[in-house]
Amino acid sequence: MALFTINRYTGDKSAVEDNNLKRPSFELLKELQTKAKRKKWDKKKPNKDVEKLINNSTTDELQKQENTIAEEENNNKSVDKTVNDEVAIKHENLVEVSENDKTSCVQRALSTKSNNTDILNDDYNPIDHFKLAKAAGFTILGNDDNIAVNKVKRHLPDWLLHPYVVEDVSCDLSDESEPFKGIDEVLVKNLHKMGIKRFFPVQRCLIPAILRDTKFGVGISTFRPNDICVSAPTGSGKTIAFALPIVQSLFRRVVPQTRALIVLPTRELAAQIHEVFMSLCENTYLRCVILTGTKGSLAQEQSLLLNYGKTKTPSPADIVVATPGRLVDHLNSTEEFSLEHLRFLVVDEADRMMDQIKQEWLNLVETSVYKKRDKPGSFSLKNLSKRTIPLQKLLFSATLSADPEKLEKLNLFQPQLYTAVTKSLESNAENSDNNTGQTFVGKYTTPLGLKEYMIKCSAGDKPLIILHIVLPLKRVLCFAGTVETTRRLSVLLQMYAETSGDHKEFKCMEFSSNLPSARRSKILKDFKSGNINVLVCSDSMARGMDVKGVSHVILYDAPSLVKTYIHRIGRTARAGETGTAYTLLKHEEVYHFKNMLKGAGKSIERMKVQEKQLQKLAPVYEKVLPLVAEKLKSMKK
Ligand SMILES: Nc1ncnc2c1ncn2[C@@H]1O[C@H](COP(=O)(O)OP(=O)(O)OP(=O)(O)O)[C@@H](O)[C@H]1O
């Protein structure tokens, strides 16, 4: 199947070519004469120095200067004559030789031109050469400015263009049908404990689809299930959509083997997903282990992974949650860690993980999976009848990549795309961007309860605007563009609150790669428990992090990619809640930002902050600035 259209060079336009052949010499003559005239005119044009001279000179002096100019003009005339002669010679050369010997014509024309560069005082111009050669009847490959090049349209694979559409992303819980059909009682109890009474639309659609493929167990089978890709908005419940069917299908296993592997881009995200699995696996025999390097050394993780227990025989973890780096460490150095029974490979935040594929973690996983079991061949009758444990890949993201080249690297088998869109047909159309064929329907759908605003301001006003918005709020995430800005802004907010005296309870912290991971975990815990009001973070918090009750997200620096924007603002308005996102834009950033959102079928309202509201904050702000500088200096030491 062809993925891309290739625009080939389709030859010269013959009609145009014929006309060009009939009138080369006249055109050329006219062109050269025009050039010569322009040169003459340029020389005659009075420049500023001449004007100055005229203004400051006496009549005698002027007379002298007039004489000089007249003399110069005479000289120019002789130059003009030479130019005209040269033009005439060129013309004659072309007319005469075009009938006899085209090659020498071009050569002569070119050499005449190069010989006359002094007279014409002209730089080498490849377009002139191009025209000369073309006029003489030669076909020139490339560089033809007359041929309009068709824009190459990207053609998506059929499965991306025709997804299973999960209509309504409102996290609607009003479905009256039996809420947890097909789910074991123990797991239903666990769901209730987690505060889940009914499924969200994405879960209603995906859980049965994944469970259908495990109807006959998770062992050896002749049936190879389709790989599944899911693109659904932030906070729509994707974690339960893959975690629950995995736990349900492994629930009645007898022999413990590693059958599910979940790979995530960051430690914090892995810890969050591990927590969900732990809650779901309560009161079951299933064991879930996290490999990120935060829970101890490699040796400690190894003993957890292969729990030797009383029998002294290794009992591998059923579910492994890992970051790619640590996973590779274990695949290389933990001898007994084997993935040969792996049934589910979940890649969460799949578009981000695709960028990490170059780290070769996927190759290593597949090598371990197919060490002893047969690798599935191409889609043929012979291969279909082979009995083996099928490996099913499940990809999840709020902005799944539509790049066929990147998707190709994941070696997906007959993939199916599930994508969630809003009920409103209008926004479906806007979001699809199908006109350009660049993406699939619903790729950039955002939660229904999310309000987005942009605030246009100068760079100097940004800190004051943040202070104005943030100080009265209870739980806010503020995203800064760099780690340095994260630190500066968090120190400023905290010091302002302390100095002003009006916000004694206010607590602000930074959350970035500046801090060691244990410290980050503690800060995140405090933020979740409400001890911290504002977390100023870098992009490590942007993806997947789920903190309940975040009412506002502020983007202090404009994001350069629409994906970054979608993930950042998606930290609020989760699980059907409402939320507000503000993006601060410098005047020069507005155009690019609007364009970026337009490309994703979005447009957002502008919000104005009154000048007088900022002025109120200014006196304390000015007082605080030197203190902030001092504090930052001391922190560097
Ligand atoms: N059926 C449900 N009922 C109530 N709450 C739910 C349900 N499903 C999920 N949630 C809650 O919704 C929140 C968001 O879920 P989750 O983190 O899975 O979203 P997500 O789609 O993975 O978002 P992101 O794209 O940002 O990673 C979580 O706090 C989760 O506990």
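## Exercises: the ligand shell and an aromatic pair

The shell around the ligand divides into five nonpolar, seven polar and seven charged residues. Here Asp, Glu, Lys and Arg count as charged, Ala, Val, Leu, Ile, Met, Phe, Trp, Tyr, Cys and Pro as nonpolar, and the others, Gly among them, as polar. The model is predicted: local features need pLDDT of at least 70, and side-chain atom pairs count only at 80 or more. Residues are numbered from 1 along each chain.

**Exercise 1.** Find which residues come nearest to the ligand.

*Solution.* Take the 19 residues around the ligand. Each has a heavy atom within 4 Å of it. Arg198, Gln203, Lys238, Thr239 and Asp546 come nearest.

**Exercise 2.** Find how far polar side-chain atoms of Asp546, Lys548 and Arg574 lie from an oxygen atom of the ligand.

*Solution.* Look for polar contacts (N or O atoms within 3.5 Å). For Asp546, read 2.5 Å. For Arg574, read 2.8 Å. For Lys548, read 3.2 Å.

**Exercise 3.** Explain why the pair of Phe180 and Phe199 ties together parts apart in sequence.

*Solution.* Start with the geometry: the pair is edge-to-face, 4.7 Å centre to centre with 75° between the planes. Ring centres must lie within 6.5 Å, and edge-to-face planes are over 60 degrees apart. Next, place the residues. Phe180 lies in the loop between strand E1 (164-167) and helix H9 (185-193), and Phe199 in the loop between H9 and helix H10 (201-212), so the pair links parts 19 residues apart in sequence.

Definitions and conventions
Heavy atoms only, no water. Polar contact = N/O pair within 3.5 Å; in protein donor to acceptor, adjacent residues only side chain to side chain. Phe/Tyr/Trp six-rings, centres within 6.5 Å; stacked < 30°, edge-to-face > 60°. Helix = DSSP H or I, 4+ residues; strand = E, 2+ residues; numbered from the N terminus.
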